[in-house]
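The entries below follow the order of the look-ups.

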Amino acid sequence: MAPQRQDYLLRLIEELGRFVREALRSGEPQRAEAALPALVQAQERLFARPAAQFVGLTPEAQVDLLAFAESPATAQEKCATYAAILDYAAELYEPAGRPALALASREWANTVRAIAATRWPVSA
């Protein structure tokens with residue numbers, strides 16, 4: 001994977017992690033809820049398209065979009081980044097009083113990881 005791409009993905013996850021921790025530290029459910037749009041924006045940056053073009057797709061189709069025209073290593077890294085974003089979403093859904101969405105987000109993240117590990121076992 002190109003160093004610039006890897007740096008970009010690492011920075012994206014680090015920024016989101018700080019943002020989520022800050023929202024959770026407040027202990028205010030409204031603040032956790034308000035942080036969710038930032039995660040959607042991160043997904044849009046990762047997929048390089050508006051959320052409406054990928055949210056209704058299956059996990060397999062989403063992985064296909066992430067992997068399109070990418071090397072296996074880059075595709076796997078993008079999938080890992082997407083799964084991390086979904087995990088952060090789950091962390092925000094819990095204090096916002098949306099446990100079903102938290103569970104669904106975690107399950108989606110695990111599915112994306114499993115698909116990536118199956119498609120690119122050496123990279124995984």
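I took axes as lines fitted to C-alpha atoms, for helices over the stretch in contact, with angles running from 0 to 180 degrees between N-to-C directions. Helices are DSSP runs (H or I, at least four residues), numbered from the N terminus.

The model is predicted, so I kept local features only at pLDDT of at least 70 and side-chain atom pairs only at pLDDT 80 or more, while totals for chains, interfaces and linings use all residues. Residues are numbered from 1 along each chain as its sequence is written, and side-chain values use heavy atoms, with hydrogens and water left out.

Entry 1: α4 and α5.
I looked up the α4 and α5 axes, which come within 8 Å and cross at roughly 165°. That angle makes α4 roughly antiparallel to α5; the cut-offs are under 35 degrees for roughly parallel, over 145 for roughly antiparallel, 65 to 115 for roughly perpendicular, and oblique for the rest. I noted the crossing of α4 past α5 as left-handed (the near helix is turned anticlockwise from the far one by less than a right angle; clockwise would be right-handed). For contact I required heavy atoms within 4.5 Å. The residues in contact include Cys-79, Tyr-82 and Leu-86 of α4 and Ser-105, Trp-108 and Val-112 of α5. By class I found 15 nonpolar, two polar and four charged residues (Ala, Val, Leu, Ile, Met, Phe, Trp, Tyr, Cys and Pro count as nonpolar, Asp, Glu, Lys and Arg as charged, and the others, Gly among them, as polar).

Entry 2: α3 and α4.
Helix α3 (residues 59–67) packs on α4 (residues 72–93) at about 130°, with the axes 8 Å apart. The two are therefore oblique to each other. α3 passes α4 in a right-handed crossing. I list Gln-62, Val-63, Leu-66 and Ala-67 from α3, and Ala-75, Lys-78, Cys-79 and Tyr-82 from α4, as making the contact.

Entry 3: α3 and α5.
For α3 and α5 (residues 99–119) I noted axes within 10 Å, crossing at roughly 60°. This makes α3 oblique to α5. The crossing of α3 past α5 is right-handed. Val-63 of α3 and Trp-108 of α5 are among the contact residues.

Entry 4: the largest pocket.
I used a 1 Å grid over the protein atoms alone, a pocket being an open set of points where a 1.4 Å probe fits, with protein on both sides within 12 Å along at least five of seven lines. The largest pocket holds about 330 Å³, a volume being the space filled by probe spheres set on the points. Of its 15 lining residues (an atom within 4 Å of a point), Gln-43, Tyr-82, Leu-86, Tyr-93 and Ser-105 are the closest to its centre. The lining has 12 nonpolar, three polar and no charged residues.
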